[in-house]
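This report walks through a few local features of one model, for a reader who is meeting it for the first time. Please look over the sequence and the structure before reading on.

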Amino acid sequence: MSNLLGGALSNSEEGSGDEPSPERPESLPPRSKRRRFAPLKVANQIPKRRRKEIEKALEGSTGTPKKWSRQNGPKNHNFLKKRILPGTIRRMDFDLLSVEIGESWPIPVTVVHGSRPGPVVTLLGAVHGNELVGPLALTYLTGPNFIGPGKAIDPEVLSGTIRIVPVVNMPGYKMKSRYMPDGRDLNRSFPGKPDSNTSYRVANRIWNKIIAGSDYVVDLHTAAVGRTNMPQIRANLAHASSNRIARSFGIEAILDNAGPKGSLRRVTNDFDIACITFEGGGPDELDPESVQVSLYGILNVLRSLRMIPGHPSRPSFRILASGSLWIRSDQGGLLDVLAPAGSFVEEGEVVATVTDPESPLESHDVISPTRGLMICSATNPFVTAGTPVGHILPVTKGAQTIRKRLDEDDCLVISGADGDPVWRDDDEVEDITVGGEWSGGSVDAEWSTNPPTDSDEEAAEADPSQ
Ligand SMILES: [Zn+2]
């Protein structure tokens with residue numbers, strides 16, 4: 001097996017399961033010894049034929065292109081008709097539409113051009129306007145905690161160029177909508193057309209001005225309305241440079257998928273530009289874990305491309321998946337999710353219940369058909385028969401390894417989520433004392449317009465802190 005695959009594709013039978021193993025043949029060394037030589041990996045879900053395709057695609061991949069050689073010396077970076085000097089940062093606006101009158105939808109772009117040659121990495125948020133993890137993570141990334149002398153991204157030390165676009169679909173963002181104002185999905189419109197509908201025109205300008213000159217693209221998303229995602233990477237693993245940054249992102253779940261027609265991921269790969277999609281959290285919310293994990297991941301990618309100093313961090317295991325199972329409700333009513341995104345569940349485990357106000361005596365369980373990791377779960381409680389409740393990666397081997405990284409609710413602690421927030425210095429965290437008293441006599445009294453009930457008062461008396 002090619003070690004370009006990081007060993008993670010190997011069918012590591014040894015020590016990877018917690019199932020009672022059949023009698024061990026005499027010739028094998030004790031389990032602990034074997035484990036040292038065969039690092040524990042979760043069984044892959046990528047079928048043999050696809051593994052061969054991926055291996056073949058990686059065979060031809062070579063080292064650093066000549067254009068990134070340090071011997072070439074620093075060069076200016078040309079972007080949006082501006083010349084950006086080595087070792088500098090430029091902040092500018094890019095118009096999504098080229099018009100003389102009317103709305104041009106300017107979006108902010110920050111370009112950090114390193115003093116040394118290297119790849120061009122483009123980081124995108126809110127291609128879907130209501131997916132806010134990207135905008136917040138990338139706004140942090142453009143700020144003084146990340147960029148500047150001695151910081152993670154120091155233009156004087158940086159090799160290559162980073163283009164940061166926190167909000168791509170600005171009109172959608174302002175409307176709190178996934179879509180463009182013409183109702184189309186920008187992430188199904190690439191590479192676009194200059195003389196077509198609004199979304200295609202915008203896609204085409206983004207394509208020509210921002211994407212086409214990139215070597216690597218990291219596109220930050222969340223789940224769509226009504227669901228939430230465990231932080232995960234999606235990439236076409238048979239595209240060599242996409243495979244590289246997918247693994248170097250440093251999180252546990254990588255879904256091998258080329259992306260839908262017209263999506264940035266698929267089209268960039270068609271033009272041999274590397275692209276990965278990060279997914280974490282849901283729309284219209286800011287999942288702090290996903291923001292943190294995405295920032296760690298981006299720094300890991302930049303480190304592994306040797307653009308910034310330091311070693312990328314690695315997860316303790318990696319799931320490379322080419323398939324999944326949907327868990328659906330067989331009943332209609334209101335969903336109570338017991339195993340949210342990130343949960344590790346057993347076969348037969350109740351992952352949610354469905355009840356119906358019109359049939360209050362009945363409750364139906366939604367059962368997981370397999371042991372696995374829930375990578376997505378429903379947040380909209382209204383379900384009808386057939387509505388997806390969860391999206392699960394079946395795990396047949398390596399459950400023990402995964403369990404080591406579960407929290408007390410059996411949810412996976414994603415690599416990077418358990419570190420300190422990377423955008424906050426400790427001296428920024430201040431202890432603040434708040435004086436005064438609780439309005440209405442207790443912490444929650446003001447939530448209700450009714451006077452406190454006897455039991456509220458009793459509770460307040462029993463516990464003076466309430
Ligand atoms: Zn999205």
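Ala352 has Val366 in E16 as its bridge partner, and strand E15 (residues 350-355) pairs with E16 in the antiparallel sense over five bridges. Strands pair if DSSP finds at least two bridges between them; helices (H or I, at least four residues) and strands (E, at least two) are DSSP runs, numbered from the N terminus.

These strands belong to an open sheet of four strands in the order E16-E15-E13-E18, with antiparallel pairing. Strand E16 (363-367) and strand E18 (382-383) are its edge strands, each pairing on one side only.

## Basis of the model

The model is predicted, and local features need pLDDT of at least 70, side-chain atom pairs count only at pLDDT 80 or more, while totals for chains, interfaces and linings use all residues. Residues are numbered from 1 along each chain as its sequence is written.

Gly129 lies in the loop between strand E5 (116-125) and H3. With 24 other C-beta atoms within 10 Å, Gly129 is buried (20 or more such atoms count as buried, 12 or fewer as exposed, and in between as partly exposed, with C-beta atoms placed from the backbone).

Although Gly129 and Ser177 are 48 residues apart in sequence, they are 5.2 Å apart in space, C-alpha to C-alpha. Not counting residues up to four places away in sequence, Gly129 touches Asn169, Pro171, Gly172, Tyr173, Met175, Ser177 and Arg178, where contact means that C-beta atoms, placed from the backbone, lie within 7 Å.

Key:
Contact = placed C-beta atoms within 7 Å.
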